[in-house]
Amino acid sequence: MTSHWARLWALLALSLLSIITPAQANYLWLEQAEDGIKGYWGLYESERLNPAGLTATRAFLQDGADLNLTRTAEAIAIASPSAADLRLSAQAVSAGNVLNFYQARFGREETKAVNDLELVPTTSNGNTFKLVWKGTVVAASQVNVTTSAGWLRSLKPAEDGSVSLETPFPGLYLLEVTARVNGSMTYQGKKYEDVRHTATLSFVVPAASSAEARQ
């Protein structure tokens, strides 16, 4: 595909959604626990909701293989047979009849997007990320970052639309971005005037790597 057609596809993708920065909107994210990977819904820094409020919940690998999951009142436990990056997706209707599509990813080894909206590292295990909407790279106007060390940031894009992140502290890094579909949408026989896709990417930086980043 020529650069001309690539730009046209990017413009078409942007015409279908708008990147927004909702105030304190819930999202879905993944964390590494002692007994595996767990998915949480709510806000990392303040509130975790009961995942019973989510529908169409699915955990899977890049190749589409489904993973077994177990719900509790606090989290969704995922059984993964490998250390590969994994995804968790779900849906919910929030106040104001807003249809939310949640798409979470844990790990930054793979450089290919799988979810409809996904933050993807430009190099395996790298700190620069691109935002992909249904296979097309779009500009990430702002990406919110939360860490287990209490370090909060809002990343602004470079000229090519990518965002870069420093990882000076060990622990969990959680990147989040939300996009609103432009116009109304009929889904499963019901019309929604406000449809949003929220993507998160989380990964763990070990102590040794964070020490190297500070040097």
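The model is predicted, so to speak of local features a pLDDT of at least 70 is needed, side-chain atom pairs count only at pLDDT 80 or more, and totals for chains, interfaces and linings use all residues. Residues are numbered from 1 along each chain as its sequence is written, and side-chain values use heavy atoms, with hydrogens and water left out. Strands, like helices, are DSSP runs numbered from the N terminus (E, at least two residues, for strands; H or I, at least four, for helices). Two strands are said to pair if DSSP finds at least two bridges between them.

Strand β3 covers residues 36–43. It pairs with strand β8 (residues 76–78) in the antiparallel sense over 3 bridges. Strand β2 (residues 27–33) is another antiparallel partner of β3, with 7 bridges between the two, and there Gln32 has Ile37 of β3 as its bridge partner. β2 and β3 form a hairpin, with 2 residues between them. A hairpin of 3 residues also joins β3 to β4. Strand β4 (residues 47–49) runs antiparallel to β3, to which 3 bridges join it, and Leu49 in β4 is the bridge partner of Trp41. How many of the 8 residues of β3 are buried? The count is 6, which leaves the strand mostly covered; buried here means under 20% relative accessible area, exposed means over 50%, and partly exposed lies in between (1.4 Å probe, protein chains only).

Side-chain contacts come next. Two arginines lie over aromatic faces: Arg48 over Tyr40, at 4.4 Å from the ring centre, and Arg58 over Phe60, at 4.1 Å. A charge sits over a ring if NZ of Lys or CZ of Arg is within 6 Å of the ring centre and within 35 degrees of the ring normal.

Rings also pair with one another. Rings of Phe, Tyr and Trp (its six-membered ring) pair if their centres lie within 6.5 Å, with planes under 30 degrees apart counted as stacked, over 60 as edge-to-face and the rest as tilted. The whole structure has 9 such aromatic pairs. In one of them, the ring centres of Trp151 and Tyr173 are 6.1 Å apart and the planes stand at 70 degrees, so the pair is edge-to-face. It links distant parts of the chain, 22 residues apart: Trp151 is in the loop between β14 (143–147) and β15 (152–155), and Tyr173 is in strand β17 (residues 171–181). Trp151 and Tyr173 are both buried.

Arg87 belongs to strand β9 (residues 86–94), while Glu110 lies 23 residues away in the loop between β10 (98–106) and β11 (117–121). Both Arg87 and Glu110 are buried. Arg87 also meets Glu118 in a salt bridge, at 2.8 Å from N to O. Glu118 lies in strand β11 and Arg87 in strand β9, so this pair ties together parts that are 31 residues apart in sequence. Relative accessibility is 0% for Arg87, and Glu118 is buried with a relative accessible area of 1%. Salt bridges link Arg87, Glu110 and Glu118 in a network with Asp85 and Arg105.

Another salt bridge brings together the side chains of Asp194 and Arg196, at 3.0 Å from N to O. Asp194 is buried, with a relative accessible area of 16%, and Arg196 counts as buried at 16% relative accessibility.

Definitions and conventions: Salt bridge = Lys/Arg side-chain N within 4 Å of Asp/Glu carboxyl O.
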